[in-house]
Amino acid sequence: MLTLYDDPYSHNGYKIRLLLAHLGRPVRVVHKNIMTGETRKPDFLAKNIAGRIPVLELEDGTCLAESNAILYYLAEGTALFPADHLARTEVLRWMFFEQNMIECTIGTARFFKKTGRDISRADVYAHRLENARDGLAAMDRHLSGKDWLAGAFSVADLALYGYCSVGAEAGIDMTAYPQVEAWLKRVEARPGHVGPLHGFDA
Ligand SMILES: N[C@@H](CCC(=O)N[C@@H](CS)C(=O)NCC(=O)O)C(=O)O
């Protein structure tokens, strides 16, 4: 069986659990506490040299790191990753956008807010929020008149859902992005959808 090393509060890990739920694939989820440095110990560095979750361990022991690379690996060959070259490029475009404009902005601002870490560095927090708002505004414009980010419903929607769904926890007024809010609800209405803290085994 697949093993996912994850922390319940990470939405990078949640993206993987969400895709696996959509695909109906079982997974053993192992909790690594990012607050106590568990991912920085030698045993975990052997799985991901960057010392970060999520890591997906395949049945043969191969370890995959970087949430969107893992999403790509799992989605390839399924209805959530298209076969057409241009359509695939468009899906990847939004997955790269997620890492650049959403994950390291909403994700980090949320982490600062939840843990109190670095919130004293108000300039850093404000900068992350400014970039997050920029990313959300771009998504809002893009989603006008569209149901999904990249043509049909795809792994790009799940990748972006992860951190967009917790924008408010980062301190963002999500009502400023009505197209994004409507799209979040469409993602939640898809069969196979699961919430963030679903299914930890250890
Ligand atoms: N770009 C990476 C980011 C991974 C990441 O930042 N993971 C965080 C949790 S969301 C982590 O493991 N932090 C622990 C640490 O840095 O020690 C991805 O998308 O997988």
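The largest nonpolar core of this predicted model has 55 residues, and the members with the most contacts inside the core are Ile102, Met139, Leu160 and Trp183. Eight elements, namely β1 (2–6), α1 (11–23), β2 (27–31), α3, α4, α5 (122–143), α6 (155–164) and α7 (178–188), each contribute at least two residues to this core. Helix α4 provides the largest share, with nine residues.

Isoleucine 102 illustrates how the core is connected. Leaving aside residues up to four places away in sequence, Ile102 touches Phe97, Gly107, Gly135, Leu136, Met139, Leu160, Tyr163 and Cys164. Two of these partners, Met139 and Leu160, are themselves named with Ile102 among the residues with the most contacts inside the core.

Apart from this core there is a second, separate one of five residues, among them Tyr5, Val30, Phe44 and Ile53.

**Overall fold and dimensions**

The chain contains seven helices and four strands. In sequence order these elements follow the pattern β-α-β-α-β-β-α-α-α-α-α. Among contacts with a separation of 6 or more, 69% join residues 24 or more positions apart.

The following table collects the values that describe the chain as a whole.

| Property of the chain | Value |
|---|---|
| Radius of gyration | 17 Å |
| Box of the C-alpha atoms along the principal axes | roughly 45 × 45 × 25 Å |
| Residues that count as buried | 46% of 202 residues |
| Accessible surface | about 9700 Å² |
| Share of accessible surface from carbon and sulfur atoms | 54% |

The radius of gyration can be set against a simple expectation. A compact globule of 202 residues would have a value near 17 Å, so the 17 Å of the chain agrees with that of a compact globule.

**Nonpolar surface**

Tyr72, Tyr73, Leu92 and Phe96 make a nonpolar surface patch of about 410 Å². The elements that give two or more residues to this patch are α3 (67–75) and α4 (85–115).

Tyrosine 73, one of the patch residues, lies in helix α3. Why does tyrosine 73 count as partly exposed? Its relative accessible area is 42%, and the partly exposed class lies between the limit of under 20% for buried residues and that of over 50% for exposed ones.

Definitions and conventions: Residues are numbered from 1 along each chain as its sequence is written. This is a predicted model: local features need pLDDT of at least 70, side-chain atom pairs count only at pLDDT 80 or more; totals for chains, interfaces and linings use all residues. Side-chain values use heavy atoms; hydrogens and water are left out. Patches are made of residues with over 30% relative accessible area and no salt bridge: like charges are joined within 9 Å, nonpolar side chains (Val, Leu, Ile, Met, Phe, Trp, Tyr) within 5 Å. Accessible areas come from the Shrake-Rupley method with a 1.4 Å probe; for residues, only the protein chains shown count as cover. A salt bridge is a side-chain nitrogen of Lys or Arg within 4 Å of a carboxyl oxygen of Asp or Glu. Buried means under 20% relative accessible area, exposed over 50%, partly exposed in between (1.4 Å probe, protein chains only). The radius of gyration is taken over C-alpha atoms; the globule rule is 2.2 Å times the number of residues to the power 0.38. Contact means heavy atoms within 4.5 Å. A nonpolar core is a set of buried Ala, Val, Leu, Ile, Met, Phe, Trp, Tyr and Cys residues joined through side-chain atoms within 4.5 Å.
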